Amino acid sequence: MIYYLDERESCPGCIINNLKQSNSGIPFKHFFYVFLLALITALPMSSLFPFLYFMIKDFNIAKREEDIGYYVGVVGSAFMFGRFLTSIIWGMIADEYGRKPVMIFGTIAVIIFNTLFGLSTNFWMAVSTRFLLGSLCGILGPMRAYVSEICHTKYEALGMCITSTAWGIGLVIGPTLGGFLSQETLHFHTKNGYDQIENLEELEEISPSPKQSLFKNWPLMSSIIVFSVFQLHDMAYAEIFPLWAVSSKNHGGLSYSSEEVGEVLAISGFVMLLFQLFLYPTIERTFGPVLLSRVGAVIIIVVLSCYPFIAKFSGLKLTILIDLASVLHIVISACITTGMLLLQNRAVSQSQRGAANGISMTVMSLFKAAGPAGGGALFSWAQNHQNESFLSGDQMVFFILNAIEFIALIMTFKPFLAFSDVN
């Protein structure tokens with residue numbers, strides 16, 4: 001194909017190629033843009049969790065306080081559900097019309113729909129705005145492609161690290177901002193106001209009481225630590241699974257395409273959404289969050305132990321087995337996550353839940369930020385150790401994931417995990 005000179009001068013791809021040829025160094029300016037984009041994409045994902053419980057409570061949609069977690073799960077899932085529906089489409093648009101238009105549109109979507117979410121006056125408005133935010137913010141895929149296109153191959157890893165770092169920072173800052181800026185639902189009463197209350201229990205509930213230091217509240221802190229270890233496992237798994245699935249069978253993988261990986265994750269996400277909507281509340285009320293977490297952790301360990309053997313299958317058998325395993329993992333992980341969040345909210349009084357959730361999300365985000373980096377490094381190491389006589393390659397990967405899950409399982413027992421139910 002012949003390109004005329006004026007076409008090359010106006011072609012974005014040619015401009016980038018010329019830039020790469022003329023400057024063999026690190027493209028700091030472009031990396032800075034990527035850093036900012038990753039940061040603003042991560043902030044909306046995490047900033048709502050410290051106050052989401054109270055937001056749902058103020059909507060008065062839950063008949064009982066125990067049911068609030070159910071509605072929190074729906075709002076929390078809406079973003080990711082919207083994202084998985086449109087991610088491929090945004091990738092196709094980015095390939096057809098360029099990365100920049102998609103990233104600009106996504107940034108505008110973040111500003112508009114994150115603001116509308118904050119102004120939500122009812123449950124369905126909150127769900128809709130989160131779903132639209134996830135659907136219309138197609139930044140991540142094109143941004144990752146952009147990183148690999150603006151620099152020489154030797155700097156691609158640096159670009160991805162910058163993206164991951166910004167993402168991690170956003171996950172840490174987001175909950176902190178959400179926790180500190182969410183004090184809008186606390187009770188403020190004058191002494192005269194108390195005289196009008198006839199129910200003693202109501203008076204005790206809304207009266208300001210001496211606040212115990214949250215860091216000395218062991219039921220809270222122990223549940224946060226256990227939750228964070230579970231999240232470390234989940235984030236490392238989320239990083240490793242696509243890498244393992246697309247790697248060749250010679251390296252212990254599935255030789256899947258990115259589209260096939262997307263199908264597995266889409267099916268798993270859809271089943272998880274249905275489970276959270278229709279089954280989890282009943283199961284949690286029957287067995288309790290701690291027992292569910294313990295049983296779930298054991299099942300996850302068994303499932304992950306089967307992954308290296310599942311890779312030996314092909315065709316329909318492989319499809320069925322990997323879909324089933326992925327569904328089990330994501331559903332059980334969602335159960336554990338919801339259960340740990342319930343424990344944390346039950347460990348503190350209403351007047352301290354905003355700060356408590358802020359602490360929880362901050363600590364958890366640190367673990368979640370470490371998960372992808374550690375998972376990627378572990379998988380890379382495994383790819384180079386496929387011929388070891390003991391726990392070679394992918395076997396070592398899933399062994400370490402199981403070790404993390406086992407540690408979290410042990411921590412759910414006394415004396416480490418303490419129980420409390422502060423109303």
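Colleague: I'm new to this one. At what angle do helix α14 (residues 280-287) and α15 pack?

Modeller: They pack at about 105 degrees, with their axes 7 Å apart. Keep in mind that this is a predicted model.

Colleague: What makes α14 roughly perpendicular to α15?

Modeller: Anything from 65 to 115 degrees counts as roughly perpendicular. The angle here is about 105 degrees, so α14 is roughly perpendicular to α15.

Colleague: Which residues meet there, and how do they divide by class?

Modeller: From α14 you have Y280, I283, E284 and F287, and they meet P289, L291 and L292 of α15. By class, that contact has 6 nonpolar residues, no polar ones and 1 charged.

Colleague: Now for α15 and α18. Why are they called roughly antiparallel?

Modeller: Helix α15 spans residues 289-310 and helix α18 spans 394-411; their axes cross at roughly 175 degrees. Angles over 145 count as roughly antiparallel, and therefore these two helices get that name. Their axes come within 9 Å.

Colleague: Which residues make that contact?

Modeller: On the α15 side, R294, A297, V298, I300, I301, L304, S305, Y307 and P308 take part. On the α18 side, look for D394, Q395, F398, L401, N402, E405, F406 and L409. Sorted by class, the residues of this contact are 11 nonpolar, 3 polar and 3 charged.

Colleague: Which elements give two or more residues to it, and which gives the most?

Modeller: Those giving two or more are α5 (68-97) and α13 (258-278). The most comes from α13, with 5 residues. As for L85, its place is in helix α5.

Colleague: What kind of peptide bond joins K414 and P415, and where is P415 found?

Modeller: A cis peptide bond joins them, with omega at about 10 degrees. You'll find P415 in the segment after α18.

Colleague: And what is the phi of N60?

Modeller: N60 has a positive phi, about 60 degrees, although this residue is not a glycine.

Colleague: Where is the place of N60?

Modeller: Look in the loop between α4 (49-59) and α5. That same helix α5 also holds L85 of the nonpolar patch.

Note on methods
Residues numbered from 1 in each chain as written. Predicted model: local features only at pLDDT ≥ 70, side-chain atom pairs only at ≥ 80, totals over all residues. Heavy atoms only, no water. Axes fitted to C-alpha atoms, helices over the stretch in contact; angles between N-to-C directions. Helix = DSSP H or I, 4+ residues; strand = E, 2+ residues; numbered from the N terminus. Parallel < 35°, antiparallel > 145°, perpendicular 65-115°, else oblique. Contact = heavy atoms within 4.5 Å. Nonpolar A, V, L, I, M, F, W, Y, C, P; charged D, E, K, R; others polar. Patch = residues over 30% accessible without salt bridge, like charges linked within 9 Å, V, L, I, M, F, W, Y side chains within 5 Å. Areas by Shrake-Rupley, 256 points an atom, 1.4 Å probe, with all protein chains shown as cover. Salt bridge = Lys/Arg side-chain N within 4 Å of Asp/Glu carboxyl O.
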